[in-house]
Amino acid sequence: MSEEKKSALPAWEQRFRAARVSLPDWAEDAPDRALYVSNATGTYEVYAWDRATGTHRRVTDRPNGTTDAELSPDGDWVWWFDDHDGDEFGIWRRQPFAGGPDEEAVPGLAPSYSAGLALGRDGTVVVGRSTDEDGTTLHLRRPGAAEPVEIYRHEEYGGVGDLSHDATLLAIDHTEHGDAMHSAIRVLRLTGDGVETVAELDEVTGRDEPRGVTCLGFAPVEGDTRLLVAHQRTGRWEPMIWDVATGAETALPLRDEQGRELPGDVSAQWRPGAAELLVEHEYEARSELFTYTLADGRLTRLETPRGTVGGATARPDGTVEYLWSSAAEPSAVRSTAGAVVLRAPGPVPPGSVPVEDVWVDGPGGRVHALVQRPRTAGPGPYPTVFEIHGGPTHHDSDSFAAGPAAWLDHGFAVVRVNYRGSTGYGQAWTDALHERVGLIELEDIAAVREWALSSGLADPRRLVLTGGSWGGYLTLLGLGVQPDSWSLGVAAVPVADYHTAYADEMEALKSLDRTLFGGTPEEVPERFTASSPLTYVEQVRVPVYISAGVNDPRCPIRQIDNYVERLEQLGKTHEVYRFDAGHGSLVVEERIKQLRLEIDFVRRHLGVPGGSSGGAG
């Protein structure tokens with residue numbers, strides 16, 4: 001489609017069709033060689049960027065897109081994960097950075113779900129795999145070896161953490177203790193084709209209050225045995241340094257220039273040379289960046305606009321590049337030097353409406369919601385979309401999103417709720433999601449719904465509950481558990497029948513479900529039944545729209561078909577759209593088609609007019 005034709009489209013379509021780029025990832029020993037993901041051709045694919053020459057090259061070209069890729073430390077090879085039509089089950093392939101034929105990267109490994117990848121400077125490779133039959137396995141291939149060697153196996157989920165700079169140490173994140181919400185770390189020394197355990201950091205086993213730890217990366221210095229770790233010892237995520245050779249731990253007292261401790265969750269990464277850290281601070285749906293100097297403990301804020309940093313990387317020249325956006329302004333890759341480093345080709349998509357922060361008292365504490373009001377629809381009350389985020393261990397933020405912006409263009413207010421289970425509000429808020437799965441989140445959503453009505457924001461006759469993945473699950477569950485609260489439901493790639501979903505889903509999600517519910521469906525069937533949308537389908541009173549990926553390993557198609565079949569038996573008004581991909585689509589036209597169908601369904605059943613065709617751009 002020509003740029004002239006694109007500019008004549010409604011603003012919501014322009015946002016989806018506009019090219020986007022991810023934060024570039026660069027080769028550690030060849031920083032002018034970088035990778036990023038872009039939808040410039042209409043499908044999200046991997047691109048190689050030679051920064052020295054300014055050339056960009058598409059690496060992958062597949063009908064359903066590609067997003068998982070990594071550069072070798074020398075920048076000579078692009079590794080990318082080859083699955084089948086979005087089913088996330090596949091193998092690693094590699095291609096020369098300058099272009100050429102793809103080859104199987106580690107012959108001898110059968111297809112699997114990915115459990116991480118680590119590439120050493122000397123050619124050492126560690127591949128993490130996950131399958132229903134084997135659980136988690138890690139495989140080591142040393143330089144010159146014909147076949148990889150299995151060095152780790154466990155039925156519970158785990159994965160590759162990081163290789164040390166000299167490829168002698170390997171950190172593993174694992175959940176051998178059976179708690180998928182709180183991982184532990186094991187460090188192995190790689191000896192020839194074998195391994196030996198060097199150190200363990202487990203703050204779950206035998207603890208009344210489990211605390212997770214996770215690997216953030218070894219120091220990028222030859223022979224350095226310091227590992228940067230994120231921990232939850234203080235009830236939130238924050239970093240520390242652990243010397244795996246001596247066992248010494250170094251706390252990082254992160255206080256701003258006024259001496260105040262940073263609230264919210266904090267992560268970090270090594271800056272080149274390992275004398276400083278790049279600190280990423282996430283609090284109340286927004287984020288910011290700091291530099292932390294290890295010698296004197298000084299924390300210095302880096303100037304970034306108010307909004308959300310979607311990733312950051314410290315370059316060897318001392319600058320920091322980061323992907324930034326806000327709800328009102330589209331994303332771009334920026335630098336602390338003041339320039340836009342990488343912007344997608346073509347016109348910048350239309351902006352949208354800023355978010356308002358709303359805090360509501362809920363049964364488990366104050367609930368944070370992000371609210372947007374349609375710009376051209378008068379004072380309200382408005383038809384309102386409650387768009388519920390997935391995860392559940394995720395959160396909505398003040399960042400640019402084409403979906404909510406489309407509803408705003410059509411005259412709807414948009415409310416997004418960071419319910420219990422969401423990240424970014426401390427460990428207790430995230431860990432509250434146990435046993436009464438789904439029902440807890442709905443209590444928080446209900447509290448925000450009452451605020452939306454009492455404040456005059458929302459029209460009680462035109463309330464839409466919608467979401468994708470876990471948000472789609474909460475949509476279907478909410479329509480049955482709260483049948484008088486909603487006018488319509490729109491669920492994308494949802495859990496609909498929890499017993500069948502558990503049987504068919506990928507092993508990593510089985511582990512999470514066992515943690516959330518306290519067992520398997522055979523061990524605690526009443527909990528799975530109480531949290532399953534299928535249990536409440538007879539109580540659904542409003543029209544339901546469902547979209548599903550036929551290759552989805554996370555919310556598999558059979559359990560959705562079970563729910564739809566029951567809707568049909570009961571004579572409930574519903575529409576279903578099945579698409580040939582996995583847990584969502586990487587094809588822009590398919591995404592537009594899905595949202596167009598959703599908007600059309602809502603407008604037909606609510607009697608809402610077409611709204612603005614030009615939007616708020």
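Which residues line the second largest cavity? The views below take up this and other sites in a predicted model, in which local features need pLDDT of at least 70 and side-chain atom pairs count only at pLDDT 80 or more, while totals for chains, interfaces and linings use all residues. Residues are numbered from 1 along each chain as its sequence is written, and side-chain values use heavy atoms, with hydrogens and water left out.

**View 1. The second largest cavity, of about 50 Å³.** Its lining consists of Ala327, Ser352, Gln372, Ser399, Phe400, Ala401, Pro404, Ala405 and Arg416. A cavity here is a set of points on a 1 Å grid over the protein atoms alone where a 1.4 Å probe fits but cannot get out, and lining residues have an atom within 4 Å of a point. Grid points are joined across faces, edges and corners, and a volume is the space filled by probe spheres set on the points. The lining divides into 5 nonpolar, 3 polar and 1 charged, where Ala, Val, Leu, Ile, Met, Phe, Trp, Tyr, Cys and Pro count as nonpolar, Asp, Glu, Lys and Arg as charged, and the others, Gly among them, as polar.

**View 2. The largest cavity, of about 90 Å³.** By this rule there are 2 cavities of 30 Å³ or more. Among the residues that line the largest cavity are Phe81, Trp92, Glu104, Ser112 and Arg129, and strand S7 (89–96) and strand S10 (125–131) each give two or more residues to this lining. Strands (E, at least two residues) and helices (H or I, at least four) are DSSP runs numbered from the N terminus. The lining of the largest cavity comprises 7 nonpolar, 3 polar and 2 charged residues.

**View 3. The second largest pocket, with a volume of about 1,400 Å³.** Of the 42 residues that line this pocket, Asp25, Glu28, Asp162, Leu216 and Gln269 are the closest to its centre. A pocket is an open set of points with protein on both sides within 12 Å along at least five of seven lines. The elements that give two or more residues to its lining include strand S1 (25–27), strand S13 (158–163) and strand S25 (308–314), and the lining as a whole divides into 23 nonpolar, 11 polar and 8 charged residues.

**View 4. Serine 72, in the loop between S5 and strand S6 (77–83).** Serine 72 counts as buried because its relative accessibility is 8%, buried meaning under 20% relative accessible area with a 1.4 Å probe and protein chains only. Its side chain is joined to that of aspartate 74 by a polar contact of 2.6 Å, that is, a pair of N or O atoms within 3.5 Å of which, within protein, one must be able to donate a hydrogen and the other to accept it, residues adjacent in sequence counting only if both atoms are side-chain atoms. A polar atom of the serine 72 side chain also lies 3.3 Å from the backbone nitrogen of aspartate 76.

**View 5. Helix H8 (residues 507–517).** This helix is largely enclosed by the rest of the structure, because 11 of its 11 residues are buried. What covers the buried residues of H8 includes S10, helix H6 (470–481), helix H7 (498–504) and helix H9 (525–530), where contact means heavy atoms within 4.5 Å. Glycine 518, with a positive phi near 80°, follows H8.

Note on methods. Buried means under 20% relative accessible area, exposed over 50%, partly exposed in between (1.4 Å probe, protein chains only).
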